Amino acid sequence: MPDPVSADFSVRMQLIVDDLAHALDRAVLLDDEDLTPITHSRQLGELDDVRVHSVLQRETRAEVKAALFDFGIGSADSALWIPAFPQHNLMPRFCVPVRSSCERFGYLWIIVPEGTLSERGRRLAEQAGADLLDILDRRNAALRAEESAQQRLLTRLVAAEEPDQAREVVAELHTRGMAEPDDVVQVFRFEPDTGGLGDRNLALRLRLTATDRSRRWYTLGGSPTTILAVSPSEAEPASTAETVAEAVRASYGTHPAIGASGAPLPITQAALGFRQARLALTLAGVGAGSGQVTDWSTLGSWRTLAVLGQHYGDRLGELVHPGVVGLIEQGRDDLLLTLETYLANGGDVRRTAEDMFLHRSTLYYRLEKLTEAVGGDLSDGETRFDLMLGLRLARLAGRYRPGSTSA
């Protein structure tokens, strides 16, 4: 699904790359600043493994990327020759950094197995780089202007709790070509760590758009950052979370926890998806999720506690079982972890001992201590429920995380 702003610029970039490849009779590739392909020519001349992998997998292998940046492409202001790297099956190539005085857009590559270009060939490559710089600079300026308008509209969308308000915003989205009235949406939230890279919001959206063109991708900058994946109702949602996680990693160089709204919702319910993603991110922060992306629809009873915590606020800690509070205050992380594992296994001693790599006699000793500490029978269903509830409430209240107390 092409971006209405960048589609025309993409056509122009493709034309420049194709014209250069035809003039030189060489394969040409345009990468972004992270060496992810933007576009490429048809396969002319001899190719190497690096080129084939880049085109087919839409990425540059990590070891090749490291070698190229160690060689100095990241700080290069003008065209340079890259020698053969036999250990990576990389042939010599001519590299033209596509950059302005304040921003690096990417790299233009011409594979030259013989390691030399005519003076005319070098001039053509450098001119193509200058033309691409002009296009990319204007593209990003246009995208930033469009982004600003979209941000205001999307902010209204995720805040539109009333159905009439939501339909009004969706109608505006439709007018701007951003969504269809019967589209569905998935929402993701994460805390960005830019590491001094500055605002990566636009770069993230461009990467998502390039990776998955079956959806319209939108981002709301800030902390947390919000991603909206808008698609036709019949689209397959299974890979969306994986796509988001990989794009965040590539854009920020980190693996932050990501809260997801779960199954696609009608776009008029984007505000509900926004709330669900926000609460899922909160639950990820207390260890409720099992991976980088915490899906609201898979969180079971944690969801009820998250809603309770949202409304109970700072007084949530008052609901924690006093026996759990006592163990936290004593720093008995060993007993807390034992209790949590035992309850998660439904009171199954064998499975608990295996999960914790404990001898059964050690586990029985700990269970006796726990019985004394909580003042209740651990075989009683109501007591177990109260204790599990207390442990989860303690996490949500910021009173306890496994490994956070001192033994």
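Author: A salt bridge is a side-chain nitrogen of Lys or Arg within 4 Å of a carboxyl oxygen of Asp or Glu. The model here is predicted: local features need pLDDT of at least 70, side-chain atom pairs count only at pLDDT 80 or more, and totals for chains, interfaces and linings use all residues. Residues are numbered from 1 along each chain as its sequence is written, and side-chain values use heavy atoms, with hydrogens and water left out.

Reader: How many salt bridges does the structure hold?

Author: It holds 19 salt bridges. Take E114 and R26: their side chains meet at 2.1 Å, N to O.

Reader: Which parts of the chain does that pair link?

Author: Distant ones, 88 residues apart. Helices (H or I, at least four residues) and strands (E, at least two) are DSSP runs, numbered from the N terminus. E114 sits in the loop between strand 5 (104–111) and helix 4 (119–159). R26 sits in the loop between helix 1 (7–24) and strand 1 (28–32).

Reader: Is E114 buried, partly exposed or exposed?

Author: Start with the cut-offs. Buried means under 20% relative accessible area, exposed over 50%, partly exposed in between (1.4 Å probe, protein chains only). E114 has 45% relative accessibility, so it counts as partly exposed.

Reader: Which residue does E168 meet in a salt bridge?

Author: R156, at 3.9 Å, N to O. E168 lies in helix 5 (residues 163–175) and R156 in helix 4, twelve residues apart. E168 is partly exposed, with a relative accessible area of 48%. R156 is partly exposed at 37%.

Reader: What about D334 and R332?

Author: Their side chains form a salt bridge of 2.8 Å, N to O. D334 is partly exposed at 25%, and R332 is partly exposed at 30%.

Reader: Which residues are linked in a network of salt bridges?

Author: D32, D34 and R207 are linked in one.

Reader: Now helix 9. Which of its residues are buried?

Author: In helix 9 (residues 302–312), W302, L305, A306 and G309 are buried. Look down the helix axis. The arc is that of the directions from the axis to the C-beta atoms. The buried residues of helix 9 fall within an arc of 105°, so they line one face of the helix. On the other side, T304 and H311 are exposed.

Reader: What do the buried residues pack against?

Author: Contact means heavy atoms within 4.5 Å. The buried residues of helix 9 pack against helix 8 (270–285) and helix 14 (381–396).

Reader: What follows helix 9?

Author: G313 follows, and its phi is positive, near 60°.
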